[in-house]
Amino acid sequence: MTEYRIGPADQIPEGGRLVVDCDGQEIGVFCLHGTLHAWHNLCPHRQGPVCQGRIYARVIEPVAADGTTRLLAYDEDAQQIVCPWHGYEFDLQTGRCQGRPTQRLRPAQLRVEAGIVYVRP
Ligand code: FES
């Protein structure tokens with residue numbers, strides 16, 4: 001399997017992304033909490049360009065001691081990406097779909113050597 005040189009790791013800022021074309025296969029590389037993650041830019045729903053979606057912190061609904069919920073909050077440790085076609089949401093660290101746990105993003109192999117990022121689709 002061919003390995004593709006993406007470029008310097010520091011060109012992807014914290015919370016940022018880089019979507020690259022590897023001979024026809026698009027790969028999204030994301031930097032989350034100082035760690036890089038690589039996913040194929042194909043949504044498992046209908047093959048939409050999921051890596052180009054909006055990124056945001058996971059929305060949570062804290063439950064009070066009396067069992068009530070009155071507000072929403074954000075879990076900044078769990079970054080989500082929303083597929084721009086139909087809105088499926090995926091955890092960028094695990095690839096798991098929030099609403100459909102059986103659906104996941106497809107990972108690409110990634111390595112960093114001497115500060116340079118390489119991926120294998
Ligand atoms: S193609 Fe991504 S949600 Fe439908």
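Predicted model: local features only at pLDDT ≥ 70, side-chain atom pairs only at ≥ 80, totals over all residues.
**Exercise 1. Decide whether Cys22 and Cys43 are buried or exposed.**

Solution. 
Step 1. The cut-off needed here is that a residue is buried under 20% relative accessible area.
Step 2. Cys22 has 1% relative accessibility, so Cys22 is buried.
Step 3. Cys43 has a relative accessible area of 2% and is therefore buried.
Step 4. For the protein as a whole, 38% of the 121 residues count as buried.

**Exercise 2. State how many helices and strands the protein has, and describe its extent.**

Solution. 
Step 1. The count is 0 helices and 9 strands.
Step 2. Along the sequence this reads as β-β-β-β-β-β-β-β-β.
Step 3. Taken along the principal axes, the C-alpha atoms fill a box of roughly 55 × 30 × 20 Å.
Step 4. Among contacts with a separation of 6 or more, 47% come from residues 24 or more positions apart.

**Exercise 3. Describe the open sheet that contains S2, S3 and S4, and explain why one side of each edge strand has no neighbour.**

Solution. 
Step 1. The sheet has 3 strands in the order S2-S3-S4, and their pairing is antiparallel.
Step 2. The edges are strand S2 (17-22) and strand S4 (35-40); each has a single partner strand, so one side of each is left without a neighbour in the sheet.
Step 3. From one strand to the next, the twist averages 25 degrees.
Step 4. Between S2 and strand S3 (residues 25-32) there are 6 bridges, in the antiparallel sense.
Step 5. Within this pairing, Val19 stands opposite Gly28 in S3.

**Exercise 4. Describe the open sheet with the order S1-S9-S8, then follow Arg111 within it.**

Solution. 
Step 1. This open sheet also consists of 3 strands, and the pairing is antiparallel.
Step 2. Strand S1 (4-8) and strand S8 (109-113) are the edge strands, each pairing on one side only.
Step 3. On average, neighbouring strands of this sheet are turned by 25 degrees against each other, direction ignored.
Step 4. S8 is joined by 5 bridges to strand S9 (residues 116-120), and the two run antiparallel.
Step 5. Leu110 has Val119 in S9 as its bridge partner, and Arg111 stands opposite Tyr118 in S9.
Step 6. Arg111 also lies over the face of the Tyr118 ring, at 4.4 Å from the ring centre.
Step 7. The hairpin of S8 and S9 has 2 residues between the strands, and there Ala114 takes a positive phi near 55 degrees.
Step 8. As for pairs of aromatic rings, the structure holds 0.

**Exercise 5. Locate Glu89, classify its accessibility and list which residues it touches.**

Solution. 
Step 1. Glu89 is in strand S7 (residues 89-91).
Step 2. Its relative accessible area is 31%, so Glu89 is partly exposed.
Step 3. Leaving out residues up to four places away in sequence, Glu89 touches Tyr56, Ile81, Val82, Arg96, Cys97 and Gln98.
Step 4. Gln79 is 10 residues from Glu89 along the chain, and their C-alpha atoms are separated by 10.0 Å.

Note on methods. Residues numbered from 1 in each chain as written. Heavy atoms only, no water. Pairing = 2+ DSSP bridges. Helix = DSSP H or I, 4+ residues; strand = E, 2+ residues; numbered from the N terminus. Axes fitted to C-alpha atoms, helices over the stretch in contact; angles between N-to-C directions. Phe/Tyr/Trp six-rings, centres within 6.5 Å; stacked < 30°, edge-to-face > 60°. Lys NZ or Arg CZ within 6 Å of the ring centre and 35° of its normal. Buried < 20%, exposed > 50% of the residue type's maximum accessible area, 1.4 Å probe, protein only. Contact = heavy atoms within 4.5 Å.
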